[in-house]
Amino acid sequence: MKKNNSIGIGVIGCGTVGSRFISHFKRKRASVREKTGIDFVLLKVADRNMGGKKGRHPSYTRDPEEVLSDENVDIVVELIGGMEPAYSFIKKAFSRGKSVVTANKALLSGKNRELFSLASNGGVHLGFEASVASAIPIVKTLRESFIGNNITKVMAILNGTTNYILTRMSLHGESFQEALEKAGSLGYAEANPTLDIEGLDTTHKLSILSCLAFNKTVSWKNIFTAGIRNLDAIDINFARDFGYRIKLLAIAKKFKENLELRVHPTFLPVGHLLANVEDVYNAVYMEGDMIGKSLMYGEGAGGSAAASAALADVVDIGIKLAGQKPAGSPLLYENEKIAICSMSDIRTKYYLRFTVPDRPGTLALITDILGKNGISIASVLQKEENRNYAVPVVIMTHVATEHSVQKAVREIDSLSIARLPTVLFRAEE
Ligand code: HSE
């Protein structure tokens, strides 16, 4: 326990989030002291690109070891991201009795078990609120506020960049590339935006939520992931005609002891709450046996929102260090009974777009195959008319299993009428 109610902070990484964290930290220090009775003191900041004026300031350094070896640093704030050297820095901090606050979703989703046990064994704290949906306190909510619940469903928009791109394409008619460039210039995208648009950033975050909501650690590598890179404006327009919006969703559904986890562009009815989450906003919808349904909404990307979450973790841990011993991590309890569903067993509705000749009998060939695979059709749309060329024909199905839809699509794509491979989206309600 700290005797003098002063908590030393060291920061490693001074990029978009790190620089915002430091500037907000300095401005809020007095008000945090008033609210908590604790003086949080920024002792050291390390960044490999530290130069100019900052490089001459005594508390700034290029060497992270100076932060990790400073015995007055109680909490290390790691904001460099990626696997290494972040993982080594965090392990070193733990081994020296320091708590850690991080926004590093890639690391947490790859090394969740290791990090939670290292923190627990070392009797130190690990704060990671800033790793998922910055302006939504989802870690605290699942860990504390909803702890009594059996969570059965999570559907979430967890990536600001892709949601911004989808909004710009859908409501403003922009191209994918135009929207991506704008998202980058606004500071939303990852240093490597491939993580955003391939869906992997969302998958990292879903893996973290899975630990909290279901006590199940699942590496991001084992979660089905499809991003928005190949999304065609034609499908965004057809979605609108059918009364849907396309969103990149993280989906988790628990059925008794099976857990379905997936990330992909999803059709949502226009009236659905998540369909109306626009721009850089994130939202997390949850169902639990005590709460019923709950929806949280807030900014998901950008330096200040992430800095706000990291500051909250710093204060939370500081209060514990000043007043009480660390409690064991609830995340160490692993529910071994839960099995992860195979993607081929999921059941949902589908949007299928075929590119076929506009000739009598074409639709019959398609519906025959769908029927033989037990897939029931909810609606059909063909807008263009052209007897000489292939036209898009769109079918929305009722609920069907993934493996029967994939099988039917393979059969249809092998017919001579299939001029382009079928485009498939999954729909939720
Ligand atoms: N690139 C991320 C996003 C930043 O767009 O959501 C926050 O994790």
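This is a predicted model: local features need pLDDT of at least 70, side-chain atom pairs count only at pLDDT 80 or more; totals for chains, interfaces and linings use all residues.
**Notebook: cysteines, ligand shell, aromatic pairs**

I looked for disulfides first, taking a pair of cysteine sulfur atoms within 2.5 Å as the criterion, and by this rule the count comes to 0. I number residues from 1 along each chain as its sequence is written, and side-chain values rest on heavy atoms, with hydrogens and water left out.

I then looked up C341, whose sulfur has its closest cysteine sulfur in C211, at 18 Å, which is too far for a bond. For accessibility I call a residue buried under 20% relative accessible area, exposed over 50% and partly exposed in between, with a 1.4 Å probe and protein chains only. C341 is partly exposed because its relative accessibility is 23%, whereas C14, at 15%, counts as buried.

I find 13 residues around the ligand, the closest being K105, G160, T161, E190 and D196. For polar contacts I take pairs of N or O atoms within 3.5 Å. A backbone N or O atom of G160 lies 2.7 Å from a ligand oxygen, and a polar side-chain atom of T161 lies 2.6 Å from an oxygen atom of the ligand. A ligand nitrogen, in turn, has a backbone N or O atom of Y188 at 3.0 Å. On its own the ligand has 250 Å² of accessible area, of which the protein covers 91%, by the Shrake-Rupley method with a 1.4 Å probe. Helix 8 (160–172) and helix 11 (200–214) are the elements that give two or more residues to this shell, helices being DSSP runs (H or I) of at least four residues and strands (E) of at least two.

Last, I searched the whole structure for aromatic pairs and found 8, where ring centres must lie within 6.5 Å and planes count as stacked under 30 degrees apart, edge-to-face over 60 and tilted for the rest. F267 and Y351 have ring centres 4.3 Å apart and planes at 35°, so I note the pair as tilted. This pair links distant parts of the chain, with F267 in strand 10 (residues 258–269) and Y351 in strand 14 (residues 347–357), 84 residues apart. F267 is buried at 0% relative accessibility, and Y351 is buried with a relative accessible area of 0%. I also record that F267 and Y351 form one aromatic cluster with Y244 and F425.

How values were computed: Rings of Phe, Tyr and Trp (its six-membered ring) pair if their centres lie within 6.5 Å; planes under 30 degrees apart count as stacked, over 60 as edge-to-face and the rest as tilted. A residue is near a molecule or strand if one of its heavy atoms lies within 4 Å of it. A polar contact is a pair of N or O atoms within 3.5 Å; within protein, one must be able to donate a hydrogen and the other to accept it, and residues adjacent in sequence count only if both atoms are side-chain atoms.
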